[in-house]
Amino acid sequence: MSLTSALNTAAAGVSVASSQTAVVARNVANQKTDGASRKLANVVTINGLPSVVSITRVTNAAALKSLLTANANDARDGAVSDALTQLQSTVGATTVDDTTSPTALIAALSDALSTYAASPESQASVDAVQAASDLAGALNSAADTVQQVRADADAAIGDSVSTINYLLTRFQAVNETIVKGTVAGADITDALDERDSILQSLSAEIGISTVTRSNNDMAIYTDSGVTLFDKTARSVTFEAKTTFTASTQGNAVYVDGVPVTTSGASYEIKSGRLAGLVEVRDDLAVTYQDQLDEIARGLITAFQETDQSGGGGSPQAGLFTDAGSLVVPTSGTVSEGLASRISVAASVVATPTLLRDGGISTNGADPYVYNPTPGETGYTDRLNELVSGLKTAQAFDPVADAGTSLSLADYAAASASWLGVKSQAASSTAAYSATVKSTAATALSNATGVNIDTELSKMLALEQSYGASAKLVSAVDQMFSDLLNAI
């Protein structure tokens, strides 16, 4: 080998070792940066000399795909679990002294009526009316909580849509950089890391799938097949509601004009926080509201008053009313929003003994008075009838999913059980999804992330290689000097 060849080889070795060292140092610096992958300096031999021709990154498409799916499922299940935990607060402990549980308060009302029947001249009449007021108030409060949960979910849907549009805008800018850099042969590894990081954030909002094409160009689709990004970002739109009542229907989310959150639609999304929030707003909370409305309707039915004169008049509301109305709701059919409107009749609040005598709807006037001798304190038939009515099976609307023929107390218990089962299942599913997400993130990190021990070990090897090449350069330089001196 000539001195010139030796010098060229040594210089190339120094250059390659220097470039590789810079890449290793870059890996070490990014070791704690979220989404940063390990970079590699690719060395090839050109005309007999080593040279770094490109910088690439370690990738694992399967691990990334698994993480995107896990992200979407975790976000959906977490949103559902959090909302059901809020709704669970309306059930309370269901013990006799609980002040929020409809089940407990129905039992308390039954006990108060029984006490009043046993002591018709005592303070028990006031206590019974108070127990009824507590029950109506609890249903009002529970209905308010349900609608607040729906309103919060609707607002969160709007936030999610804004986040999706922001991420798609960022994705477009990064994707354009990647495509141009690929064509120009530039180092795009950091841009590829950033694009993957955007995908991870996006998958938490809405379930996605991706397709990579020539020049590292990428397209994004929802998990239902609607295009989110293809050369340009598609518009995701949603119109939030300002207030929610039982009759309020939330709006759909549209991707490029296609509805993706309409139940049963061809392109309904299945995962991501957006899917979980829509499920809460349009399904779970609505069903629970129906159950509360059925409990309220059952109370009005159980305490309705009928014409005692034989005239055949229509039944009228008694102790409980729909915001003061005397109309008794249709049996076995949800009366939308009734739980938020149910109240104790003003006449019985003013005159608690009407609970014993009847005529609540007419403020003590015929023909809806039950007591043959109005005002007779020993009359207990009506009170016993009311206690029995709480234990008698009624028809309930099957759409509420808590039973169709139960006593009012049993229906309230079934509703609490339905919510408890849903909440527990959602909590378990959310915990499992979080574990799957953590496992997927660890797998991707292990496959593509930086291992500090490996990088430091490689750094030592490169230092030795650099040192050897530098010594060879020095030796050749000395040989050239000696040769020139000799001449």
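Modeller: Let us begin with Q148, which is found in helix 4, and keep in mind throughout that this is a predicted model.

Colleague: Why is Q148 called partly exposed?

Modeller: The relative accessible area of Q148 is 44%, and since partly exposed covers the range between under 20% for buried and over 50% for exposed, Q148 is therefore classed as partly exposed. Q148 also has a place in space relative to A285, for the two are 137 residues apart in sequence while their C-alpha atoms are 9.9 Å apart.

Colleague: Which salt bridge involves R281, and what makes it one?

Modeller: R281 forms a salt bridge with D154, with 2.8 Å between the closest N and O atoms; the limit for such a nitrogen and carboxyl oxygen is 4 Å, and the distance of 2.8 Å meets it. R281 lies in helix 6 (residues 273–302) and D154 in helix 4, so the pair ties together parts that are 127 residues apart in sequence. Both R281 and D154 are buried, and the structure holds 19 salt bridges.

Colleague: Which residues are linked with R213 in a network of salt bridges?

Modeller: The network links R213, D217, D230 and K231.

Colleague: How do you know whether R213, D217 and D230 are buried or partly exposed?

Modeller: D217 has a relative accessible area of 4%, and because buried means under 20%, D217 is buried. R213 at 30% and D230 at 22% lie between the cut-offs of 20% and 50%, so both are partly exposed.

Colleague: Why is the pair of F171 and F229 called edge-to-face?

Modeller: A search of the whole structure finds three aromatic pairs. In the pair of F171 and F229, the ring centres are 4.9 Å apart and the planes stand at 75°; since centres must lie within 6.5 Å and planes over 60 degrees apart count as edge-to-face, the pair is edge-to-face. The pair links distant parts of the chain, with F171 in helix 4 (residues 124–184) and F229 in strand 5 (residues 227–230), 58 residues apart. The relative accessible area is 1% for F171 and 0% for F229, and because buried means under 20%, both residues are buried.

Colleague: What makes the pair of F396 and Y411 stacked?

Modeller: The rings of F396 and Y411 have centres 3.9 Å apart and planes at 15°, and because planes under 30 degrees apart count as stacked, the pair is stacked. F396 is in the loop between strand 12 (394–395) and strand 13 (405–406), and Y411 is in helix 11 (residues 408–448), 15 residues apart. Both F396 and Y411 are buried.

Colleague: Where does the charged end of R382 sit?

Modeller: The charged end of R382 sits over the ring of Y370, 4.1 Å from the ring centre, and that distance is within the limit of 6 Å.

Colleague: Why are strand 7 and strand 9 said to stand at the edges?

Modeller: Their open sheet has three strands in the order 7-8-9, with antiparallel pairing. Strand 7 (236–237) and strand 9 (258–259) each have a single partner strand, so one side of each is left without a neighbour in the sheet. Strand 8 (residues 254–255) and strand 9 run antiparallel and are joined by two bridges, and at least two are needed for strands to pair. Y254 stands opposite P259 in strand 9.

Colleague: How many helices and strands are there in the protein chain?

Modeller: The protein chain has 12 helices and 13 strands, and 44% of its 487 residues are buried. Of the contacts between residues at least 6 apart in sequence, 65% join residues at least 24 apart.

Definitions and conventions:
Residues are numbered from 1 along each chain as its sequence is written. This is a predicted model: local features need pLDDT of at least 70, side-chain atom pairs count only at pLDDT 80 or more; totals for chains, interfaces and linings use all residues. Side-chain values use heavy atoms; hydrogens and water are left out. Helices (H or I, at least four residues) and strands (E, at least two) are DSSP runs, numbered from the N terminus. Buried means under 20% relative accessible area, exposed over 50%, partly exposed in between (1.4 Å probe, protein chains only). Contact means heavy atoms within 4.5 Å. Rings of Phe, Tyr and Trp (its six-membered ring) pair if their centres lie within 6.5 Å; planes under 30 degrees apart count as stacked, over 60 as edge-to-face and the rest as tilted. A charge sits over a ring if NZ of Lys or CZ of Arg is within 6 Å of the ring centre and within 35 degrees of the ring normal. A salt bridge is a side-chain nitrogen of Lys or Arg within 4 Å of a carboxyl oxygen of Asp or Glu.
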